[in-house]
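Here are a few notes on the packing, jotted down while going through the model. Have the viewer open as you read.

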Amino acid sequence: MSASQIEVHAPARPQWWAQWRRLCLPSFVLAAVTALILWAALADLLQQGRLETVLSAGWAELAAPLLVALVVVTGICERIWPAEPRPVLARGHVQDACYLALHAIVVIPLMTLLSVGGAMLIGSHARWIELRSTEHWSGWLLVPLTILAMDGANWLAHYADHRLDPLWRFHALHHSQEELSVLTSFRAHPLMHTTGFILATIPVVALMPTRAIAPVLITAYVCVGTLQHANLRWTFGPLGRVIVSPVYHRLHHATDNQAVNLGVVLTIWDILAGYARFPARRDAVGRTGLDGRPVPVEQDARSRPALLLLAQQLAEPFGPQT
C-alpha cells in the first residue's frame with residue numbers, strides 16, 4: 001500500500017472541547033473586566049476603612065424608601081388602569097420579582113462598587129478629564145448639567161448594548177420580557193451595568209471632581225428610570241416630550257423594532273439622534289419581547305421553575321453562540 005493510500009485520522013476531540021470552543025469569549029472578557037474594577041474598588045475602600053459606609057450610601061440611594069413607595073404605588077396603578085390586563089401572579093411578574101430580589105442582594109452593591117471603582121481608576125489614570133474650572137460654577141447650573149451629561153452617557157451605553165453583539169447578549173435578557181411591568185426595570189443581567197456605570201462616571205468626575213451629587217437627585221433619577229416599564233398607558237402629556245414615559249418606552253420593547261426610543265430618562269438624546277418616536281395614548285398596545293425567543297423565557301410552556309430559569313437566563317450570555 002502506498003503512502004498516498006494511507007488515510008491519516010486526527011485524534012477525535014471530545015465533545016466538551018467542541019462546546020467549549022463555541023462559548024462566547026467576549027462575555028468572559030466583560031466578566032473579567034468587571035471583576036478587576038470591583039477588586040480595585042474593594043481594595044481601595046478596605047484600605048481606607050470605608051467599605052461599609054460606601055455600601056450603605058449606595059443602598060440608601062438605590063433602594064431608598066421613595067423608590068420602594070414608587071414601585072408599590074405603580075404596581076397598584078397597574079391593577080387599576082393596566083395597559084395590558086393580566087393576573088397578579090402572571091409568569092412575567094413572578095420572574096421579575098426574582099430579579100428584584102437579585103437586584104437588592106447583588107446588583108445594588110455591584111453598581112455602587114462599579115461607580116467607585118470607575119471614579120478611582122479615572123482619577124488615577126485620566127486626571128486630565130477633570131475640569132477644575134467648574135469648582136467656581138453655581139450648583140444650580142452645574143448639577144443639572146452633570147445629570148444631563150450622565151443621562152447622555154447612559155444613552156450611549158444603551159446604544160452600545162444594541163449595536164455591539166457582546167453587549168447585546170447581556171442586554172437581550174432585559175428585552176426578553178413579554179409581560180412588561182414596573183418590576184421589569186430590575187430584570188437585567190448584573191454584568192449589563194458595567195459599561196453604563198463606567199460611562200456615566202466620566203461626566204460626573206469631569207464636571208464635579210470636588211463635589212458630590214445630592215443622593216436625593218440620584219434616587220429621583222432612578223425612580224423616573226424605573227417608572228418607564230410600568231404596564232400603564234401613561235404618556236406624561238406634554239412632559240412626555242422631555243421625560244421617557246411608559247408608553248414611549250414600550251415602543252422600545254416592541255418585538256419588531258428595538259432601535260427606537262433608547263432614552264433612559266430624557267428623550268433629548270433620541271431626538272438629537274433621530275431615534276425618537278412619540279406615541280399617542282390611544283395607540284394600540286403592541287407585543288413586547290424578542291421574536292424567536294433567543295433567551296429562555298418564563299412564558300414558554302417548557303420553561304423551568306422560576307429560580308432554575310433565572311440561573312439559565314443568567315448563564316445564557318456565556319453559552320454557545322448560535
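1. A quick convention before the details: contact, or touching, means heavy atoms within 4.5 Å. Bear in mind too that this is a predicted model. With that cut-off, and leaving out residues up to four places away in sequence, Leu142 touches Thr134, Trp137, Leu207, Met208 and Arg211.

2. Leu142 also belongs to the largest nonpolar core, which has 11 residues. Two or more residues each come from helix H6 (139-163), helix H8 (193-207) and helix H9 (215-227). H6 gives the most, with 4 residues.

3. There's a second, separate core of 9 residues, and among them are Leu45, Leu51, Leu113 and Leu114.

4. Now for a helix pair: how do H3 and H5 pack? Helix H3 (residues 51-62) meets helix H5 (residues 91-125) at an angle of about 115°, and their axes are 9 Å apart. The two are therefore roughly perpendicular to each other. As for handedness, H3 passes H5 in a right-handed crossing.

5. Who makes that contact? On the H3 side, look at Leu51, Val54, Leu55, Gly58, Trp59 and Leu62. H5 answers with His103, Ala104, Ile108, Pro109, Met111, Thr112, Leu113 and Val116. Sorted by class, the contact of H3 with H5 comes out as 11 nonpolar and 3 polar residues, with no charged ones. Leu51 and Leu113 turn up in this contact and also in the second core.

Notes:
Residues are numbered from 1 along each chain as its sequence is written. This is a predicted model: local features need pLDDT of at least 70, side-chain atom pairs count only at pLDDT 80 or more; totals for chains, interfaces and linings use all residues. Side-chain values use heavy atoms; hydrogens and water are left out. A nonpolar core is a set of buried Ala, Val, Leu, Ile, Met, Phe, Trp, Tyr and Cys residues joined through side-chain atoms within 4.5 Å. Buried means under 20% relative accessible area, exposed over 50%, partly exposed in between (1.4 Å probe, protein chains only). Axes are lines fitted to C-alpha atoms, for helices over the stretch in contact, and angles run from 0 to 180 degrees between N-to-C directions. Angles under 35 degrees count as roughly parallel, over 145 as roughly antiparallel, 65 to 115 as roughly perpendicular and the rest as oblique. A crossing is left-handed if the near helix is turned anticlockwise from the far one by less than a right angle, and right-handed if clockwise. Ala, Val, Leu, Ile, Met, Phe, Trp, Tyr, Cys and Pro count as nonpolar, Asp, Glu, Lys and Arg as charged, and the others, Gly among them, as polar.
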